[in-house]
Amino acid sequence: MKYVILNMKKYIGAEKGFSIIEVLISIAIFSIILLTVISFFFSVTNSNSKSKAQREAQDNAKRVLEIMTYEIRKSKSIYTPTSTSSQLSLETTNYLPVDETTTFIDFFVCGLAVCMKKESQNLIALTPDNLEVTSLTFTQLKNANAPSVRINLVLNYANPNNDVNSSSIIDLTSTASLRNY
């Protein structure tokens, strides 16, 4: 009777457990799956950082160009004595000081920012601290109807940690004509 019980255990599988090979194969498969999931997570995180840097740089560059374009369109003339390829001076009838008929607005690079200076007002930085201006150029265009200005703005997303995934360079160009000419 004892012999029958032992043989039955052998066939029923009463000796349950895992061999060392089964354990090692299970650990290897689990490790491969875990590494795949972790690498996917880091890839998504890096992609998110890169797209955030690009989006922020592009949004700020567009905003700066919109401000400059708006002021150019509302201007009376381009003040050529102080306008250069790196500074634009506009004569305008907007934002008039007391007892004046015209005033001036200047756009230029100050430090690492694009700045706007209205006559008799304080300097205003148009770009945030996390963006560095690489280049700002103004080109005056002559046409029969009204003078125009082409603006080329290159911004670099400030990357204090030198993280490749958080770097972004934005190069935008816009052209605006004076409408009050």
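What pattern does the chain follow when read along the sequence? The answer is α-α-β-β-β-β-β-β-β-β, which comes to 2 helices and 8 strands. Helices (H or I, at least four residues) and strands (E, at least two) are DSSP runs here, numbered from the N terminus. Keep in mind that this is a predicted model, where local features need pLDDT of at least 70 and side-chain atom pairs count only at pLDDT 80 or more, while totals for chains, interfaces and linings use all residues. Residues are numbered from 1 along each chain as its sequence is written, and side-chain values use heavy atoms, with hydrogens and water left out.

Now for the chain as a whole. Of its 181 residues, 30% are buried; buried means under 20% relative accessible area, exposed over 50%, and partly exposed in between (1.4 Å probe, protein chains only). The accessible surface comes to about 12,100 Å², and carbon and sulfur atoms account for 58% of that. These areas come from the Shrake-Rupley method with a 1.4 Å probe, and for residues only the protein chains shown count as cover. As for contacts (heavy atoms within 4.5 Å), take those between residues at least 6 apart in sequence: 46% of them join residues at least 24 apart.

Let's start the strands with β2, residues 87-92. Here 5 of the 6 residues are buried, so β2 is largely enclosed by the rest of the structure. Strand β2 pairs with β1 (residues 75-78) in the antiparallel sense over 3 bridges; two strands pair if DSSP finds at least two bridges between them. Within that pairing, Ser77 stands opposite Glu91 of β2. Strand β2 also pairs with β3 (residues 103-110), again antiparallel, over 6 bridges, and there Thr92 faces Thr103 of β3.

Further along sits β7, residues 148-157. Strand β7 has 8 of its 10 residues buried, so the rest of the structure largely encloses it. A hairpin of 6 residues joins β6 to β7, and β6 (residues 131-141) pairs with β7 in the antiparallel sense over 10 bridges. Look for Thr139 opposite Arg150 of β7. Strand β7 also pairs with β8 (residues 169-177), antiparallel over 9 bridges, where Asn156 has Ile169 of β8 as its bridge partner.

Next, the nonpolar core, meaning a set of buried Ala, Val, Leu, Ile, Met, Phe, Trp, Tyr and Cys residues joined through side-chain atoms within 4.5 Å. The largest such core has 28 residues, and Met68, Phe107 and Leu153 touch the most other members. The elements that give two or more residues to this core are α2 (20-74), β2, β3, β4 (113-118), β6, β7 and β8, with α2 giving the most, at 7 residues. Leaving aside neighbours within four places in sequence, Met68 is in contact with Phe107, Val114, Leu136, Phe138 and Ile151.

Finally, the cysteines. The structure holds 1 disulfide, defined as a pair of cysteine sulfur atoms within 2.5 Å. Cys110 and Cys115 form it, with their sulfur atoms 1.6 Å apart. Which of these two cysteines is buried, and which is partly exposed? Cys110 is partly exposed, at 22% relative accessible area, whereas Cys115 counts as buried at 1% relative accessibility.
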